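Here is a short briefing to read with the model open beside you.

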Amino acid sequence: MQIEVVKSKIHRVKVTGADLNYIGSITIDEDLMDAANIVQGEKVQVVNNTNGERLETYAIPGPRKSGEITLNGAAARKVAKGDVLILFTYARMDIEEAKKFNPSLVFPNEETNLLE
């Protein structure tokens, strides 16, 4: 049997932009993606602490050291600039592997979204 567990978490980042006319996805500063072990195109769950919205999309890298967190396409309607988000990715693994697995947890600066 396999279970789904948290693989990555980026805790409390602020939305820096919302681009309704982009095809879709979430743009994340590539430094944050690397720290959280998130790869380009990976499914990301977005939890908006400000308004309670939850959605799934996929990650695309933004410029390093930019702190960029931009929701693109239809997801842009679910956020406003300055909203506080938590981003998750998940992985499937067998139970014994899951017991030993350590997720990548990232806690960036809440004002700048940058790693300290």
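The notes below go from the sheet to one of its strands, then to the core, an aromatic pair and a loop residue.

This is a predicted model, so local features need pLDDT of at least 70, side-chain atom pairs count only at pLDDT 80 or more, and totals for chains, interfaces and linings use all residues. Residues are numbered from 1 along each chain as its sequence is written, and side-chain values use heavy atoms, with hydrogens and water left out. Helices (H or I, at least four residues) and strands (E, at least two) are DSSP runs, numbered from the N terminus.

**The sheet**

- Eight strands make up an open sheet with mixed pairing, in the order β2-β6-β3-β5-β4-β7-β1-β8; two strands pair if DSSP finds at least two bridges between them.
- β2 (17-19) and β8 (104-106) stand at the edges with a single partner strand each, so one side of each has no neighbour in the sheet.
- From one strand to the next, the twist averages 30°, where axes are lines fitted to C-alpha atoms (for helices over the stretch in contact) and angles run from 0 to 180 degrees between N-to-C directions.
- Four bridges link β4 and β7 in the antiparallel sense, and Gln45 stands opposite Phe88 in β7.

**Strand β3**

- Five of the five residues of β3 (residues 25-29) are buried, so this strand is largely enclosed by the rest of the structure; buried means under 20% relative accessible area, exposed over 50% and partly exposed in between (1.4 Å probe, protein chains only).
- In a regular strand the side chains alternate between the two faces of the sheet.
- In β3 both faces are covered, with Ser25, Thr27 and Asp29 buried on one side and Ile26 and Ile28 buried on the other.
- β3 pairs with β6 (residues 69-72) in the antiparallel sense over four bridges, and it runs parallel to β5 (residues 54-62), again joined by four bridges.
- Ile28 has a bridge partner in each of these strands: Ile69 in β6 and Pro61 in β5.
- Ser25, also in β3, counts as buried because its relative accessibility is 1%.
- Beyond four places in sequence, Ser25 touches Thr57, Tyr58, Ile60, Thr70, Leu71 and Asn72, a contact being heavy atoms within 4.5 Å.

**The nonpolar core**

- The largest nonpolar core has 20 residues, and those with the most contacts inside it are Ile10, Ile26, Ile28, Ile69, Leu85 and Leu87; such a core is a set of buried Ala, Val, Leu, Ile, Met, Phe, Trp, Tyr and Cys residues joined through side-chain atoms within 4.5 Å.
- At least two residues of this core come from each of β1 (2-14), β3, α1, β4, β5, β6 and β7 (84-94).
- The largest share of this core, three residues, is supplied by α1.
- Not counting residues up to four places away in sequence, Ile28 touches several residues, including Ile10, Met33, Ile69 and Leu87.

**The aromatic pair**

- Which residues form the one aromatic pair in the structure? They are Phe88 and Tyr90, stacked at 6.2 Å centre to centre with 20° between the planes.
- Rings of Phe, Tyr and Trp (its six-membered ring) pair if their centres lie within 6.5 Å; planes under 30 degrees apart count as stacked, over 60 as edge-to-face and the rest as tilted.
- Phe88 is buried, with a relative accessible area of 15%, whereas Tyr90 is partly exposed at 34%.

**A loop residue: Glu42**

- Glu42 sits in the loop between α1 (30-36) and β4 (43-48).
- Is Glu42 buried or exposed? Glu42 counts as buried because its relative accessibility is 14%.
- Apart from neighbours within four places in sequence, Glu42 is in contact with Lys7, Asn37, Thr57, Tyr58, Ala59 and Thr89.
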